[in-house]
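Here are my notes on the model, point by point. Please read them with the structure open.

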Amino acid sequence: MDLTKVLISPVVTEKSTDAQASRKYSFMVHLNTNKVEVRNAVEKSYGVKVEQVNIIPVLKKVRLAGRGKSITKRHTGKKAIVTLKPKQSIDFNKIK
């Protein structure tokens, strides 16, 4: 897969912002990517060295809306948590 299409967006929440203190950064990634592709995409895009990659499936969120109808509030996706090597950090505003 083309490395420019692997990373969709960074995940910026309270929990992910707190994890950045321990060199862990979260990204939404394409459904068909694996850990090696995520590692290569982050290293190429941000110019950092990656120590570890964890991938978590994000399930769709559905609620019922009367008489058996359902409304999808969030689509299926994948989230990657990337741990960087010591003394490295990512600035989401600067892409290489």
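1. A definition comes first. Two rings of Phe, Tyr or Trp (for Trp, the six-membered ring) count as a pair if their centres lie within 6.5 Å. Planes under 30 degrees apart are stacked, those over 60 are edge-to-face, and the rest are tilted. By that rule the structure holds four aromatic pairs. Keep in mind that this is a predicted model.

2. Take Phe27 and Tyr46. Their ring centres are 5.9 Å apart and their planes meet at 35 degrees, so the pair is tilted. Phe27 belongs to strand β2 (residues 24-29) and Tyr46 to helix α2 (residues 35-46), so the pair ties together parts 19 residues apart in sequence. Phe27 and Tyr46 are both buried.

3. Phe27 has another ring partner, Phe92. Here the centres are 5.8 Å apart and the planes stand at 85 degrees, so this pair is edge-to-face. The link spans distant parts of the chain: Phe27 sits in strand β2, Phe92 in the segment after β6 (77-84), and 65 residues separate them. How buried is Phe27? Its relative accessible area is 1%. Tyr25, Phe27, Tyr46 and Phe92 make up one aromatic cluster.

4. Now the sheet. It is open, has four strands in the order β1-β2-β6-β3, and pairs antiparallel. β1 and β3 are the edge strands, each with a single partner, so one side of each lacks a neighbour in the sheet. From one strand to the next, the twist averages 30 degrees.

5. Strand pairing can be followed residue by residue. Strand β1 (residues 7-10) runs antiparallel to β2 and is joined to β2 by three bridges. Leu7 has Val29 of β2 as its bridge partner. Pro10 stands opposite Phe27 in β2, and Phe27 is also a member of the aromatic cluster. On to the next pairing: β2 and β6 are antiparallel over six bridges. Tyr25, another cluster member, has Val82 in β6 as its bridge partner.

6. Helix α2 has 12 residues. From its first C-alpha to its last it reaches 16 Å, close to the 16 Å expected at 1.5 Å a residue. Its buried residues are Glu37, Val38, Ala41, Val42, Ser45 and Tyr46. Viewed down the axis of α2, these fall within an arc of 130 degrees, so they line one face of the helix. The face turned away from the buried side carries the exposed residues Val36 and Lys44. Note that Glu37 is on the buried list, whereas Val36 is exposed.

7. What covers the buried residues of α2? The cover includes β1, β2, β3 (50-58) and β6. The helix packs on the sheet and touches those four strands, β1, β2, β3 and β6. The direction of α2 makes about 120 degrees with that of β3. Gly47 follows α2, with a positive phi near 65 degrees.

How values were computed: Residues are numbered from 1 along each chain as its sequence is written. This is a predicted model: local features need pLDDT of at least 70, side-chain atom pairs count only at pLDDT 80 or more; totals for chains, interfaces and linings use all residues. Side-chain values use heavy atoms; hydrogens and water are left out. Helices (H or I, at least four residues) and strands (E, at least two) are DSSP runs, numbered from the N terminus. Buried means under 20% relative accessible area, exposed over 50%, partly exposed in between (1.4 Å probe, protein chains only). Two strands pair if DSSP finds at least two bridges between them. The expected span of a helix is 1.5 Å times one less than its number of residues. The arc is that of the directions from the helix axis to the C-beta atoms. Contact means heavy atoms within 4.5 Å. Axes are lines fitted to C-alpha atoms, for helices over the stretch in contact, and angles run from 0 to 180 degrees between N-to-C directions.
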